[in-house]
Structure formats: C-alpha cells, structure tokens
Amino acid sequence: MTGAEALLALARSRGAKIATAESCTGGLIAGAITDVAGSSDIFDRGFVTYSNAAKSDMLGVPAARLRRFGAVSEEVARDMAEGALARSAADLAVAVTGIAGPGGSGRKPEGRVCFGLAARTAPTRSETVDFGPLGRAEVRRATVEHALAMLQHALRLADLA
C-alpha cells in the first residue's frame, strides 16, 4: 500500500476531508492523493501557489510576512496551511514551501522544505526538514512522502468527531 493509499483509508475511516497548499512540489501531493481511485471521498482541493503573489491571493498569506520571513519559512508554511483550511471544506490541510533545487543559499540551502499542518480541531503546527542537495526530483519526492506521513500522523491523533 502506498502512502497515499494508506492516507485515504485512514481519512475515510475518520470521515475526514483533506486539502493541500503546495509551492515547491507544484501539485505533486495532490497528484499522489488523486492518483488513487476513490480519492474524491476525502480530497477536497489543492492550491498550487508557486509565486508569492499566489500565496497572498489564493491563501491569504500576508505580504508583510513573506517579506519578513521569506517564502521558505515555517511562518509562511503555517499561513499557507491555515489559508487552505479556511478556503476549503477540509478538516485537515498540509502546506509545503521550500527549495527543491538547484540553488539555495547558506541561509536557506537546497533541499530545505518547510511544512505546515492545520486542522479544524487542533493547533496549527510547522516543521522544517533539510533533505539536502539530493537533486530537484528527489527533494520533491521526499517532500510528498513527508507530507503524506504528516497527514496520516495527524489523522491518527485527531479527534475529528
């Protein structure tokens, strides 16, 4: 069973709907979920917000927050997740923003991805994972896997009733 299949089974058993907000993955998380037959039971919508303007326009991330912390930050990942949750019928939303590569800097190296997770019944949380300079495709693949695992973990802990 893939991570997406396990997520769908768990979400279905909990009666939960999911939304995604993606930057560096460009819709790959939503794609992984919707690759599974029957995903329409639990997947509400996905936002691909690659540019800062899209993050602000579609998810309500304040421009001042983007200027202060930069797009690749836990603060922005949290805002993205909360924006996706507020603009959907989902119970749970995951957001990702990072530097898949090539490139990066000493402060924000290639392979750094910030994750946000918002739920209607729990406080929003965020984390940063440094996957390292694995190459663009591998960083994006690892980001999708990590996001799916975060959603599963949240569903196991959440009281969605």
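Two strands are taken to pair if DSSP finds at least two bridges between them. In the present model, which is predicted, strand 1 and strand 2 meet this criterion, pairing in the parallel sense over 5 bridges. Within this pairing, Ala-21 has Phe-47 of strand 2 as its bridge partner.

The two strands belong to an open sheet of 5 strands with mixed pairing, in which the strand order is 2-1-3-4-5. Strand 2 (43–48) and strand 5 (122–130) form the edges, each pairing on one side only. Averaged over the sheet and with direction ignored, neighbouring strands are turned by 10 degrees against each other. In general, the strands of a sheet pair through backbone hydrogen bonds, in either a parallel or an antiparallel arrangement.

Strand 1 (residues 18–22) is also joined to strand 3 (residues 92–98), again by 5 bridges, and these two strands run parallel. Here Ala-19 has Ala-93 of strand 3 as its bridge partner. The pairing of strand 3 with strand 4 is antiparallel and extends over 7 bridges; one of the residues involved is Leu-92, whose partner in strand 4 is Ala-119. Strand 4 is in turn joined to strand 5 by 7 bridges, and the two run antiparallel. Gly-116 stands opposite Ser-126 of strand 5. Strand 4 and strand 5 form a hairpin, with 2 residues between them.

The side chains of a regular strand alternate between the two faces of the sheet.

Helix 5 (residues 74–86) comprises 13 residues and reaches 18 Å from its first C-alpha to its last, close to the 18 Å expected at 1.5 Å a residue. Its buried residues are Val-76, Ala-77, Asp-79, Met-80, Ala-81, Gly-83, Ala-84 and Leu-85. The elements that cover these residues include strand 1, strand 2, strand 3 and strand 4, together with helix 3 (52–59) and helix 4 (63–69).

Ser-73 is located in the loop between helix 4 and helix 5. This serine counts as buried because its relative accessibility is 6%, which is under the 20% limit for that class. A polar atom of the Ser-73 side chain lies 2.9 Å from the backbone oxygen of Gly-70. When residues up to four places away in sequence are not counted, Ser-73 touches Thr-97 and Cys-114.

The structure holds 0 disulfides. The cysteine sulfur closest to that of Cys-24 is in Cys-114, at 9.0 Å, and is therefore too far for a bond; a disulfide would require the sulfur atoms to be within 2.5 Å. For Cys-114, the closest cysteine sulfur is that of Cys-24, and the separation of 9.0 Å is again too far for a bond. Both residues fall in the buried class: Cys-24 has a relative accessibility of 4%, and Cys-114 has a value of 2%.

Glu-5 is placed in helix 1 (residues 3–14). With a relative accessibility of 33%, Glu-5 counts as partly exposed, because this class covers values between the 20% limit for buried residues and the 50% limit for exposed ones. The side chain of Glu-5 reaches the backbone nitrogen of Thr-2 at 2.7 Å. Glu-5 and Asp-35 are 30 residues apart along the chain, and their C-alpha atoms are separated by 9.1 Å.

A cis peptide bond is found from Gly-101 to Pro-102, with omega near -5 degrees. Pro-102 lies in the loop between strand 3 and strand 4, the two strands that pair in the antiparallel sense over 7 bridges.

Key
Residues numbered from 1 in each chain as written. Predicted model: local features only at pLDDT ≥ 70, side-chain atom pairs only at ≥ 80, totals over all residues. Heavy atoms only, no water. Helix = DSSP H or I, 4+ residues; strand = E, 2+ residues; numbered from the N terminus. Buried < 20%, exposed > 50% of the residue type's maximum accessible area, 1.4 Å probe, protein only. Polar contact = N/O pair within 3.5 Å; in protein donor to acceptor, adjacent residues only side chain to side chain. Axes fitted to C-alpha atoms, helices over the stretch in contact; angles between N-to-C directions. Expected span 1.5 Å × (residues − 1). Contact = heavy atoms within 4.5 Å.
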